[in-house]
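Trainee: I would like a close look at a single part of this model, with the definitions spelled out along the way.

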Amino acid sequence: MKIPVENIVELTVEHQFLQAYPILNQLHTDLTLEEYLELLNDMRKEGQQLFALYHDTNIVALAGISWHEDLYNERYVFVQDLVTDVNHRPSGLGYRLLSYIHNWAKEQGAEYISLES
């Protein structure tokens, strides 16, 4: 049995965004590909980021994040979309991606991360 190679990366180019759409569409079922690409473009201009957990060359989990600051919470990362491919639930992949983002955010100066589901 082959064990898949796991890799977590920030998605930054169009072919990655296209590969992510079927997974994100499992969470936002009414979102068309055209709407997704348009919204993603606007969101990225505002500093939002999309991270993916790959098994070999396939995306199996996604998380959309944005940075926030306020006087009460200081600087933190907000996770607004976290989804694991339906074929890989419940396998702990979402947890692994969230843990990665938590550690990455701390390294980038975040006080904590916040998740809304």
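How many residues does helix H3 have, and what does H3 reach from its first C-alpha to its last?

Mentor: This is a predicted model, in which local features need pLDDT of at least 70 and side-chain atom pairs count only at pLDDT 80 or more, while totals for chains, interfaces and linings use all residues. Residues are numbered from 1 along each chain as its sequence is written, and side-chain values use heavy atoms, with hydrogens and water left out.

Helix H3 covers residues 93-107, which makes 15 residues, and reaches 21 Å from its first C-alpha to its last, close to the 21 Å expected at 1.5 Å a residue (the expected span being 1.5 Å times one less than the number of residues). Helices here are DSSP runs of H or I with at least four residues, and strands are runs of E with at least two, numbered from the N terminus.

Leu93, Gly94, Leu97, Leu98, Ile101, Trp104 and Ala105 of H3 are buried, where buried means under 20% relative accessible area, exposed over 50%, and partly exposed in between, with a 1.4 Å probe and protein chains only. Seen down the axis of H3, these buried residues fall within an arc of 135°, so they line one face of the helix; the arc is that of the directions from the helix axis to the C-beta atoms. The face turned away from that buried side carries the exposed residues Tyr95 and Glu107.

The buried residues of H3 pack against S1, S2, S3, S4 and S5, contact meaning heavy atoms within 4.5 Å. Those five strands form an open sheet of mixed pairing in the order S1-S2-S3-S4-S5, two strands being paired if DSSP finds at least two bridges between them. Just after H3, glycine 109 takes a positive phi of about 100°.
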